[in-house]
Structure formats: structure tokens, C-alpha cells
Amino acid sequence: MNVSLGGHFKLSKARTSIMKDEKALISEMPYASAVGSLMYAIICTRPDIAQAVGVVSRYMSNTRKEHWRAVK
């Protein structure tokens, strides 16, 4: 059974301006650490989440709030 991201997640790499409060929130997120932990889980016990983790790992350089919600 493969797990994919729900259809309600619309992730993009859009480089639109980010508000100051969102920028502060993003800087506090352990996004890379969370994605890394999910990748470890893929290798050890959960190969079924590989597709979803692959999608969220594409946004490491331009993380937004919707990306963090998808990781959670």
C-alpha cells in the first residue's frame, strides 16, 4: 500500500513575497530534520511513505507553511 499526499495539499515552489510573520515561523521550523527523520523511517520500517516523502523533500530550499503542514 502506497501512501500519497492528500489532494488538499497544493505544494509549489512559487517565489512570491513572504510576510514577516511567515518568514519568522519558517525559520523556526525543523523542516529538514523532519524530512530526514521520515527518510530514515522509509529505510527502516515504512517504505509505503516513500512517494509522499519524496514530494515534500523537493521543497527544502523554499519552505512555506503549506509544506510544513504536509510534512506533519
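1. Threonine 63 sits in the loop that lies between α3 and α4, where helices (H or I, at least four residues) and strands (E, at least two) are DSSP runs, numbered from the N terminus. This threonine 63 counts as buried, at 10% relative accessibility, and the term buried is used for under 20% relative accessible area, exposed for over 50%, and partly exposed for what falls in between (1.4 Å probe, protein chains only). The side chain of threonine 63 reaches the backbone oxygen of tyrosine 59 at 3.1 Å; a polar contact is a pair of N or O atoms within 3.5 Å, and within protein one must be able to donate a hydrogen and the other to accept it, while residues adjacent in sequence count only if both atoms are side-chain atoms. Between threonine 63 and methionine 29, which are 34 residues apart along the chain, the C-alpha atoms are separated by 9.1 Å.

2. Before going further, please keep in mind that this is a predicted model, in which local features need pLDDT of at least 70, side-chain atom pairs count only at pLDDT 80 or more, and totals for chains, interfaces and linings use all residues. Residues are numbered from 1 along each chain as its sequence is written, and side-chain values use heavy atoms, with hydrogens and water left out.

3. On confidence, the chain averages a pLDDT of 77, and 61% of the residues score at least 70, where pLDDT is the predictor's confidence in each residue, from 0 to 100. Among the elements of the chain, the lowest mean pLDDT (68) belongs to helix α1 (residues 20-28), and the highest (90) to α2.

4. Of its 72 residues, 31% count as buried. The chain exposes about 5000 Å², of which carbon and sulfur atoms supply 57%; such accessible areas come from the Shrake-Rupley method with a 1.4 Å probe, and for residues only the protein chains shown count as cover. Among contacts (heavy atoms within 4.5 Å) with a separation of 6 or more, 80% are accounted for by residues 24 or more positions apart.

5. The largest nonpolar core has 13 residues, and those with the most contacts inside it are Tyr31, Val35, Val53, Val56, Trp68 and Val71. Two or more residues of this core are given by each of the elements α2 (31-44), α3 (50-56) and α4 (65-71), and the largest share, 4 residues, comes from α2. A nonpolar core here is a set of buried Ala, Val, Leu, Ile, Met, Phe, Trp, Tyr and Cys residues joined through side-chain atoms within 4.5 Å.

6. Valine 53 is found in helix α3 and is buried, with a relative accessible area of 4%. Not counting residues up to four places away in sequence, valine 53 touches Val35, Leu38, Met39 and Ile42. The C-alpha atoms of valine 53 and isoleucine 42 are separated by 8.5 Å, although these residues are 11 residues apart along the chain.

7. Alanine 52 also lies in helix α3, and is buried with a relative accessible area of 12%. From alanine 52 to leucine 38 the C-alpha atoms are 9.7 Å apart in space and the residues 14 residues apart in sequence. The C-alpha atoms of alanine 52 and alanine 70, 18 residues apart along the chain, are separated by 8.8 Å; alanine 70 is found in helix α4 and is buried, at a relative accessible area of 11%.

8. A search of the whole structure finds 1 salt bridge, defined as a side-chain nitrogen of Lys or Arg within 4 Å of a carboxyl oxygen of Asp or Glu. Arginine 46 forms a salt bridge with aspartate 48, and their closest N and O atoms are 2.9 Å apart. Side chains of opposite charge can pair when their charged atoms come close. Arginine 46 counts as partly exposed, at 37% relative accessibility, whereas aspartate 48 is buried, with a relative accessible area of 18%.
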